[in-house]
Amino acid sequence: MTTDVFSAVQPWPMPDKSDCIFYHTMEFADEPVIPGGWDIRGHFPRYIGGYDIAGKTLLDVGTASGFLSFEAEKAGARVTSLEARSGADFTQVPHINSGYLNNRTTFVAETDEILRKLKNSYWYGWRKTGSRADVVYAPINRVGAWERRFDVVLAGAITEHLSDPVTAIGNLSVLAREAVIIAFDPVVDSEEMTLTAGPNWLHLAPRQDHTWYFLSRGMYRRVFENLGFDVRFEDAWAVPLFSGDTRPTQRTTVIATRR
Ligand SMILES: C[S@@+](CC[C@H](N)C(=O)[O-])C[C@H]1O[C@@H](n2cnc3c(N)ncnc32)[C@H](O)[C@@H]1O
């Protein structure tokens, strides 16, 4: 892979709202609230661990519908949003009924169609908010080859979905001048170094096999200390509308700052 994959894409035209999948609940001035799978409205500062991003360059890793990117811009950051290029960038927990394992071509085609609608939702918000964020479509596990640097690298709700989260954290850390924020992940409350299988190992339907590992506090601490970062942990909140619940759920945001 050449580093061209990291070039910003040309902005997409305004998509039809019916051709969008909204991961995030989005609120724009001129229309009713658009419900998404997760509602982070009102929770953004704590979602990113209270980190001051004003005037900073920020990479939003796994931007989905872009809520974090657009909020970061409002908070004064100069944002680059990163999303997967294709379903070929994903890895799934292996099992006998796995579409990923048994028919990769179909898995990639179906995932690409979902990603197209997810990316549409981002561009819908990008145009509605007058965003100036750059957008890069590249796999997270290749960002170690990218020569760009950002003050802050924000990776929200993504570590658990990667088959090799430790390598990914290492690659993301190289891009960060100042801080890596691993936002809103289930962190095991233990100072032991553990990488625990996620619940989706027990629910092995073809589309429910996307959660790999939960890292413990001790694991995050060790991995980031090895990379030259100090670590602290903060409570973060978001509403899991996809589950029909309207109460905020608490997870952990890891703030790693370069020594
Ligand atoms: C669970 S969502 C989190 C969205 C957002 N960061 C947040 O915290 O609300 C994970 C996002 O990461 C993207 N993603 C997952 N694996 C990826 C990979 N290997 N490379 C690039 N993006 C990936 C998904 O497409 C999705 O948009």
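Is Pro13 buried or exposed? Pro13 is exposed, with a relative accessible area of 63%; here exposed means over 50% relative accessible area, buried under 20% and partly exposed in between, with a 1.4 Å probe and protein chains only. The structure is a predicted model, in which local features need pLDDT of at least 70 and side-chain atom pairs count only at pLDDT 80 or more, while totals for chains, interfaces and linings use all residues. Residues are numbered from 1 along each chain as its sequence is written, and side-chain values use heavy atoms, with hydrogens and water left out.

Pro13 lies in the segment before α1 (44–47). Helices (H or I, at least four residues) and strands (E, at least two) are DSSP runs, numbered from the N terminus. Although 114 residues separate Pro13 from Arg127 in sequence, their C-alpha atoms are 8.4 Å apart in space.

The strands come next. Seven of them form an open sheet in the order β3-β2-β1-β4-β5-β9-β8, with mixed pairing; two strands pair if DSSP finds at least two bridges between them. Because β3 (134–137) and β8 (229–238) stand at the edges with a single partner strand each, one side of each is left without a neighbour in the sheet. On average, neighbouring strands of this sheet are turned by 20 degrees against each other, direction ignored, with axes taken as lines fitted to C-alpha atoms. Glu234 has Thr253 in β9 as its bridge partner.

Helix α5 (residues 165–175) is mostly covered, since eight of its eleven residues are buried. Among them are Pro165, Ile169, Leu172 and Leu175, as well as Gly170 and Asn171.

The ligand is surrounded by 21 residues, of which the closest are His24, Tyr47, Gly62, Glu83 and Gly156; a residue counts here if one of its heavy atoms lies within 4 Å. This shell divides into 15 nonpolar, four polar and two charged residues, where Ala, Val, Leu, Ile, Met, Phe, Trp, Tyr, Cys and Pro count as nonpolar, Asp, Glu, Lys and Arg as charged, and the others, Gly among them, as polar.

Several atom pairs can be located individually. A polar side-chain atom of Glu83 lies 2.5 Å from an oxygen atom of the ligand. The protein covers 92% of the 600 Å² of accessible area that the ligand has on its own, as computed by the Shrake-Rupley method with a 1.4 Å probe.

Definitions and conventions
A polar contact is a pair of N or O atoms within 3.5 Å; within protein, one must be able to donate a hydrogen and the other to accept it, and residues adjacent in sequence count only if both atoms are side-chain atoms. Axes are lines fitted to C-alpha atoms, for helices over the stretch in contact, and angles run from 0 to 180 degrees between N-to-C directions.
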